[in-house]
Amino acid sequence: MVERRRSPRVPVDGGGSSGVVRGACPACLRDLSAGGLRLGLPVPLEPGSVHSLTAFLGGLALTAPVRITRCRPEERADEPGTGWEAGAELLFRDGADAATLRRWLDGRRTPVA
């Protein structure tokens, strides 16, 4: 399989809910790149839909709109009840916000393959 990502993904530490989508839906961030992220969700989100995301990631408060690119059922033994996995594209409105995320990512560990 050919990797199509523009930027490498970095795993996000921490268990449980680390963010909120749509202002009320808890989200567990699994990995993150300068252009997108992977979420664990208790409910499905429609691919193509745009939602607000607020996440707290070890010293970084990330607030940005995201476009859901895929959503599928998921069963994870380590996170019972999560239910859904979604991929999302970050839709930054400000280049400074994107630059802040890139700096934070640069300080993280080795990217996910």
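S18 is buried, its relative accessible area being 17% (buried means under 20% relative accessible area, exposed over 50% and partly exposed in between, with a 1.4 Å probe and protein chains only). The model is a predicted one, in which local features need pLDDT of at least 70 and side-chain atom pairs count only at pLDDT 80 or more, while totals for chains, interfaces and linings use all residues. Residues are numbered from 1 along each chain as its sequence is written, and side-chain values use heavy atoms, with hydrogens and water left out.

S18 sits in the loop that joins β1 (10-11) to β2 (19-21); helices (H or I, at least four residues) and strands (E, at least two) are DSSP runs numbered from the N terminus. Apart from neighbours within four places in sequence, S18 is in contact (heavy atoms within 4.5 Å) with A27, C28, L29, A55 and F56. With L29 there is a reach from the S18 side chain to the backbone nitrogen, at 3.1 Å.

Attention now turns to α1. This helix (residues 95-106) has 12 residues and should span 16 Å at 1.5 Å a residue, in agreement with its end C-alpha atoms, which are 16 Å apart (the expected span is 1.5 Å times one less than the number of residues). At the start of α1, a side-chain oxygen of D94 comes to within 2.6 Å of the backbone nitrogen of A96.

Within α1, the residues A98, L101, W104 and L105 are buried. Viewed down the helix axis, the buried residues of α1 fall within an arc of 120°, so they line one face; the arc is that of the directions from the axis to the C-beta atoms. These buried residues pack against β1, β3 (25-32), β5 (50-57), β6 (60-73) and β7 (84-90), whereas the face turned away from the buried side carries the exposed residues G95, R103 and D106.

Note on methods: Polar contact = N/O pair within 3.5 Å; in protein donor to acceptor, adjacent residues only side chain to side chain.
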